[in-house]
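User: Hello! I am new to this structure and would like a close look at a single part of it. Could you walk me through the paired strands and the helix packing?

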Amino acid sequence: MRIGAAILRVAVCLSLMPINASAQSQWQPVEQVQTYPVTGDSGVDLYASIGERGPKIGKEVRAIAHTNFKLTWTRDYRPQLDGACTLVSARPKLIITYTLPKPASALSPELKRKWDVFIEGVRKHELLHGVIITDMVKEIERVSVGLSVANDPKCTKIRTELTAKLGEISKAQQKRSNDYDRMEMSEGGNVHQLILQLVNGTGK
């Protein structure tokens, strides 16, 4: 979720064994939360602090919150008797990290009420980014397992083909994520409303 101008737009044997599809899906992402401190005695001050201290997206833009991930794979490529190579298993390890703002000191009861509504909405927004990332990994798993390339006894061609497929999946995930942010941050969108409620006490 990004922050910007008028409203801070804050930001991898010779026989092929049968593959158990359900076993391939028996993994879950590891989700963790990091926080950064913000200060202020009003919604405006807290939001300004977010603009000063929020996680950077690129070199210039700061974010209200940010969802990042680390993805590694355990893959089993197996040459076949006919000279082909088949990827018989691909198990992911996905760690999703959500970075959220947190007041450095206690807030007044009224400001805390406004902050709690704001941060819960921001948290739900970032969790959907986590869902989008998890969906991407499931799609990678779907197209990977069982992939076979002919005339590839050293299992080199298959890696090139897989990399091309993964690039397209990654682009689709990025577009979905960007479209989601654009909708949420547009005027009247959920995040836009959350900001207005925090800063002005207005919105839906």
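Analyst: Strand S4 (residues 66–79) and strand S5 (residues 85–103) run antiparallel and are joined by 14 bridges. Please keep in mind that this is a predicted model. One of the pairings to look for is Pro79, whose bridge partner in S5 is Cys85. Between the two strands of this hairpin there are five residues, and in the hairpin Gly83 has a positive phi near 95 degrees.

Now let us turn to the helices. Two packed helices are described by the angle between their axes and the distance between those axes. Helix H2 (residues 43–53) packs with helix H3 (residues 109–144) at an angle of about 45 degrees, and their axes are 10 Å apart. H2 and H3 are therefore oblique to each other. On the H2 side you will find Gly43, Leu46 and Ile50, which meet Leu111, Trp115 and Phe118 of H3. Sorted by class, the contact of H2 with H3 has five nonpolar residues, one polar residue and no charged ones.

H2 also packs with helix H5 (residues 190–200), here at an angle of about 125 degrees and with the axes 6 Å apart. That angle makes H2 oblique to H5. Gly43, Val44 and Tyr47 of H2 make this contact with Ile195, Leu198 and Val199 of H5. The contact of H2 with H5 divides into five nonpolar residues, one polar residue and no charged residues. If you follow Gly43 through the model, you will meet it in the contact with H3 and again in the contact with H5.

Note on methods:
Residues are numbered from 1 along each chain as its sequence is written. This is a predicted model: local features need pLDDT of at least 70, side-chain atom pairs count only at pLDDT 80 or more; totals for chains, interfaces and linings use all residues. Side-chain values use heavy atoms; hydrogens and water are left out. Axes are lines fitted to C-alpha atoms, for helices over the stretch in contact, and angles run from 0 to 180 degrees between N-to-C directions. Helices (H or I, at least four residues) and strands (E, at least two) are DSSP runs, numbered from the N terminus. Angles under 35 degrees count as roughly parallel, over 145 as roughly antiparallel, 65 to 115 as roughly perpendicular and the rest as oblique. Contact means heavy atoms within 4.5 Å. Ala, Val, Leu, Ile, Met, Phe, Trp, Tyr, Cys and Pro count as nonpolar, Asp, Glu, Lys and Arg as charged, and the others, Gly among them, as polar. Two strands pair if DSSP finds at least two bridges between them.
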